[in-house]
Amino acid sequence: MYIASDSAINGYASHDVRKIFVAPIHAHIVNGLPVVTLERALVDFALRHKFPQALPIFDSAMRIYQYSQEKVIEICDGLRRDCGPVFRLLYYVDGRSENGGESFCRAVIIKLGFVAPLLQQEFIDPKNPRKSYRFDFLWVLPDGRIIVAEFDGMRKYTDPSMTDWKTTRQVVHEEREREDALRRAGVTTIVRIDYQEASLGYPLARKLRDAGVPMQQMAYTMQR
């Protein structure tokens with residue numbers, strides 16, 4: 001656990017508590033204790049954790065609290081540290097990410113060198129225009145191919161609160177109908193990703209390569 005201190009000397013207040021320097025302008029008092037602003041907390045988190053762990057926090061904070069990116073940059077300007085990790089997170093943050101698992105998976109995709117996907121794009125079923133479907137990730141390639149990816153957790157198939165109390169067979173059947181509708185709407189490739197694949201990295205990389213998702217350098221070359 002970290003506590004805010006306006007002392008320039010960092011140290012451990014106890015075995016499990018560490019002090020971090022916070023200029024008074026970046027802290028306020030709650031119940032007699034100095035508490036950092038949300039923007040300062042995000043900066044500190046970004047500087048202490050890796051990109052895949054930090055992006056879910058930045059996405060969630062953007063979705064729920066709409067924090068000020070200008071204030072984040074202002075805080076970085078006042079620190080005598082390399083804030084490159086913070087700026088990278090500000091570049092990729094997206095409040096449309098619906099949960100931490102999706103954000104983590106997207107961060108791993110980016111870390112592996114693939115082009116960052118578009119999020120939560122909607123497709124209308126040509127066979128039934130009243131039905132629309134969204135997928136977590138989308139890539140549109142220069143040759144017209146459309147690749148979508150869905151981050152799946154086992155709860156999607158087993159947790160009644162997420163399945164509307166449907167059986168696993170019913171959920172799987174609806175997923176197949178959904179995939180058929182997406183293909184009718186022009187989607188050429190559908191990829192399903194789970195948390196373990198994202199955590200390990202290489203199974204996710206293999207799936208994305210097989211699907212034809214471009215690498216960042218390839219995308220840069222195509223744009224040039």
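## Helices H1 and H2

Leu38, Leu42, Phe45 and Ala46 in H1 meet Gln53, Ala54, Ile57, Phe58, Ala61 and Tyr65 in H2. Here, contact means heavy atoms within 4.5 Å. The residues of this H1 and H2 contact divide into nine nonpolar, one polar and no charged. In this sorting, Ala, Val, Leu, Ile, Met, Phe, Trp, Tyr, Cys and Pro are nonpolar, Asp, Glu, Lys and Arg are charged, and the others, Gly among them, are polar.

H1 covers residues 38-48 and H2 covers residues 51-65; they pack at an angle of about 165°, with axes 10 Å apart. That makes H1 roughly antiparallel to H2, a label for angles over 145 degrees, whereas those under 35 are roughly parallel, 65 to 115 roughly perpendicular and the rest oblique.

## About the model

This is a predicted model, where local features need pLDDT of at least 70, side-chain atom pairs count only at pLDDT 80 or more, and totals for chains, interfaces and linings use all residues. Residues are numbered from 1 along each chain as its sequence is written, and side-chain values use heavy atoms, with hydrogens and water left out.

## Helices H1 and H3

The axes of H1 and H3 come within 9 Å and cross at roughly 60°. That makes H1 oblique to H3. Glu39, Arg40 and Val43 of H1 and Lys71, Val72, Ile75 and Cys76 of H3 make the contact. By class, this H1 and H3 contact has four nonpolar, no polar and three charged residues.

What is the relative accessibility of Glu39? The value is 11%, so Glu39 counts as buried (under 20% relative accessible area; exposed is over 50%, partly exposed in between, with a 1.4 Å probe and protein chains only). Leaving aside neighbours within four places in sequence, Glu39 is in contact with Tyr67, Ser68, Lys71, Val72 and Ile75. Glu39 and Tyr67 are 28 residues apart along the chain, yet their C-alpha atoms are separated by 6.7 Å.

## The nonpolar cores

In soluble globular proteins, nonpolar side chains tend to be buried together. A nonpolar core is a set of buried Ala, Val, Leu, Ile, Met, Phe, Trp, Tyr and Cys residues joined through side-chain atoms within 4.5 Å. Of the 23 residues in the largest nonpolar core, Val43, Phe51, Phe58, Tyr67, Val86 and Leu89 touch the most other members. H1, H2, H3 (69-77), H4 (84-92) and H5 (100-111) each supply at least two residues of this core. H2 gives the most, with six residues.

Note on methods. Axes are lines fitted to C-alpha atoms, for helices over the stretch in contact, and angles run from 0 to 180 degrees between N-to-C directions. Helices (H or I, at least four residues) and strands (E, at least two) are DSSP runs, numbered from the N terminus.
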